[in-house]
Amino acid sequence: MATIKVNKLSRDDLPWQLDYNSDRCTMCGRCVASCPFNAIEAGVEKRRKITSSDVTPNPKANFLTVPIIKQVVDCAYSCRGCGICEKVCPNTAIKPVRNEDERFAIKYRGILADPYKRGGRSNLNTEGRTLDKIKIGRISQMTDPSLDAQRHTFDMLAPLGRILPPEQIPFEVQDGELKLAKKIPPVRWVYPIILGDMSIGALSWRMWEAIAIATAYLNQEIGLPIRMCTGEGGIPVRLLRSEHLKYMILQIASGHFGWNRIINAMPEMVEDPAGILIKIGQGAKPGDGGLLQSKKVARHIQEIRGVPKADLLSPPNHQGLYSIEESVQKMFLSFNAAFKFRVPVAIKVAASATSVSVYNNLLRDPYNIVGGFFLDGISGGTGAAHEISLDHTGHPAVSKLRDCYLAAVHQGKQGQIPLWAAGGLGMTGNLAADAFKMYSLGANGVFTGKLILQLAGCVGNDSGKCNACNTGLCPVGICTQNPVLVKRLDIDKVAENIVNYFLAVNHEFKKLMAPIGNSSLPVGRSDALVSVDKSVADRLKIQYAC
Amino acid sequence: MCRIGAIKSNEYVHPSKALLLMRSQQKGHDNSGFAMVMQDLGGIFENYKDLPTLSMACTDEGIKLAEDILHKIGFIRVMQWSPDVHPAPELTIEPMPHYVFEVFQYPKSYKHATKEEKEELLVNTRLKLRKELEKVEAGFVYSFWPDVVTLKEIGDPQDIGTYFNLWEENNDFTAKIITAQCRQNTNYDIVRYAAHPFFLQGYTVLVNGENTFYEKNKNFQKKLHKGYIGFESDSQCFLYSLHYIKNVLKWPLIYYKHTITPLPFDEIEHRDDKEILLKIKASLAHLEINGPNTIIGVLPDGTMYTCCDSKKLRPVVVGQTDDTISITSEVTGINEILPDRDWEKDIYPHEREMVVVNNDLKVERWQQ
């Protein structure tokens, strides 16, 4: 019996296997040239071919050396299933196929003492999506007529900023009219979807720019006041000095990356930013800080962030002299003051079993400094995180959003700190439906990230396809700073796709508001929802339908 | 569906006018009841304008319970009136054993009390009465307020009129303001408290509509004031918002419309009072209404108004003569009670308008 090396990594251990047809292959080399992971290579195979050229059978064995494309079997160069080879092959001769019997997670750890994946998406979507079990089930008919999505007008904006209860607004009645006696916290009315916080660094500069272009186009040409959150990592100084800054929500996280440039640019700003978002936590890696691996810290990233080429880690929490609370409080006050109380300052946290306590604390804060509570659920994505963190920590956003809303209702404080939710919204392709259900459950707005990448051409999914966001080798130029890969991205096309998607979303919102007879967003109108799952209905306090 | 109607006059008007106003609109409602609030009372109540009048429909036990509570607080009854009832087997009505209209003297300890203190006492007392009677299912307490009586009953409005002898005009039971409605059930159940007009602390509201933001309104209002209770009908929210804007926040009436049907952002953007309107829109987002609605309201000072939802999905018309103004869902009703008016002066308010009638019967059209 032959001996084999069972402990060696083999092709059947890998999550993706190459399905290659050498009969169709012309050895043009495009697949090898385009695979950023070096997971395939050109090679040769020995072939035995029996031929017979006599009048009577006279088989002869011919041995040929055939050039082929083959899969690299190596932990560092494993196929990620991105399918770029298939995209570029002119003869459909090659494609990756999922290996259901893979053992990569075990083998990889066994060989390298490290998880096989850092970043991307959560790949344990075993539970099914809650939002898909909810329908908009309260339809206006007869005496309470539906509206007409084409003909009627709809008001679809969401507040960003601290909203005071009416008795706290310093109104004075003068000649039968209300007048504001003094300034109060700023509130901006924006489109109820914010393009989610992904930094230059996590994204390629072209991808980031494409989102910024789409944002500006949606605002200036379409009239949708959509806002983009910069992510932690600063933004180009040219943009800081431009009028387009008004569409940007500047993010600050525990690493404070990029803030040096922002603060220096303040005297030259011609517009205020749309808001400041202080990131405390992220749904995809709660309790973990940010991470930009050095392979993605290209020269322009070093420039914007003012850092050397090294792994850039944002600590898990904001550092303060006395306590985290103190440092966050100071941050809020500083940013409110820095922009002379004209710019709303909001906070982003990872959904957690403790979210309600955090929200309650903020609601009861007498200084009214928090202008938005951004709740990010487990199904969000991340440029880089430990696999264990990504796949096994976190909390779904839906029930927690509902809990926070109901906690505010319990105190009669609903709406005072606008709730914005995210984490896997639009995963099945329809952001409008997901967002609308979240509004009805109590969200003022939602934010979205992964979907934007998807629109740009991200080939990854939540079942382990690609997910190489941390490697700097994104095959479609979205999450990489490698100039060759980045070049693959067509900025204008990406911007166009994002714009088109939001035109569709905007129309689909109307198609949801019309049948429930609402001309403004039904925030907290959970009576419009039913769930076909009893446990979901009970948990979210909505009607069960079967 | 509801039909609503209101009459405001210089002269005292008998409730038969209100029945007449509503009868010709009956194809639009379901004839399941009759409810009315009379304010600025004439007849037998005319001499008691400053004293609170209790309007209640109850059982024997209810009467006793209420009297005990009122006595304990220190109220002293100065006048009592019950309508003569005319039961007949052919009448469609589900009468209560007693209909009580009693006028009380304030407790002695309130001799030097301020108006606000007295109002507070009246609201607290009504809520207590309602709660205690509800506990033992002994009846319904509709209003306890000076110069106001309320009658609500389940049945055919025509028959209810006959039962209480309301078709026959007289000078004993009259008022200068009468608001009425002929539907007693909600979409869910037949509950006397669910019948408009709703009344709280001098404010009266009746609505023809469906408030699709009921849940939002209710969740918010529950925490705002102890009097915001019941919510048996989604239209009660309109009363509570009016009370909140006027009585609690003390804002001018025009901001009621800005609260319940705020202007779209596009329009606010071009207004001088943009900052104020945006603050209201943000702060009172949960008082916004949606769905098809027409509202008629009366303020404690007798001012009457009407306004609609932001798409004007329900009808309303205002008709006037020199001494009477009527606001109602359909013009047929006004044709019945004001047949000789100049119909060219009729007002069909639009979605951004409030029609306001003051005590001199001056009609103002406020544009939002």
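Two strands pair if DSSP finds at least two bridges between them. Helices (H or I, at least four residues) and strands (E, at least two) are DSSP runs, numbered from the N terminus.

**Before starting.** I'm working with a predicted model, where local features need pLDDT of at least 70, side-chain atom pairs count only at pLDDT 80 or more, and totals for chains, interfaces and linings use all residues. Residues are numbered from 1 along each chain as its sequence is written, while chains are lettered from A and ligands numbered from 1 in the order in which they are written.

**Entry: a hairpin in chain A.** I looked up strand E8 (residues 171–174) of chain A, which pairs with strand E9 (residues 177–180) of chain A over four bridges, in the antiparallel sense. Opposite Phe171(A) I found Leu180(A) of E9(A). E8(A) and E9(A) make a hairpin with two residues between them, and Asp175(A) in the turn has a positive phi of about 50 degrees.

**Entry: chain B overall.** I counted 10 helices and 16 strands in chain B. The C-alpha atoms fill a box of roughly 60 × 45 × 40 Å along the principal axes. Of the 368 residues in chain B, 54% are buried; that takes 20 or more other C-beta atoms within 10 Å of a residue's own, with 12 or fewer for exposed, partly exposed in between, and C-beta atoms placed from the backbone.

**Entry: a sheet in chain B.** Next I traced an open antiparallel sheet of four strands, in the order E4-E5-E3-E6 (chain B). Strand E4 (76–81) and strand E6 (139–146) of chain B each have a single partner strand, so one side of each is left without a neighbour in the sheet. From one strand to the next, the twist averages 25 degrees; angles run from 0 to 180 degrees between N-to-C directions, and axes are lines fitted to C-alpha atoms, for helices over the stretch in contact. Strand E3 (residues 52–58) of chain B runs antiparallel to E6(B), joined by seven bridges. Ala57(B) faces Phe140(B) in E6(B) across that pairing.

**Entry: two helices on the sheet.** H2(B) packs on the sheet and touches E3, strand E5 (98–105) and E6 of chain B; contact means C-beta atoms, placed from the backbone, within 7 Å. H3(B) lies across E3 and E6 of chain B, at about 170 degrees to E6(B). How far apart are the axes of H2 and H3 of chain B? Helix H2 (residues 60–73) and helix H3 (residues 115–135) of chain B have axes 10 Å apart and pack at an angle of about 145 degrees. Among the residues in that contact are Leu65(B) and Ile69(B) of H2(B), and Leu129(B) and Leu133(B) of H3(B).

**Entry: where the chains meet.** I found 33 residues of chain B in contact with 36 residues of chain A. Helix H5 (214–221) and helix H9 (274–283) of chain B each supply at least two residues of the side of chain B that touches chain A. H9(B) gives the largest share of that side, six residues.

**Entry: one loop residue.** I stopped at Ile347(B), in the loop between helix H10 (331–337) and strand E15 (353–357) of chain B. Buried or partly exposed? Ile347(B) is partly exposed, with 17 other C-beta atoms within 10 Å. Not counting residues up to four places away in sequence, Ile347(B) touches Val317(B), Val318(B), Val355(B) and Arg365(B).
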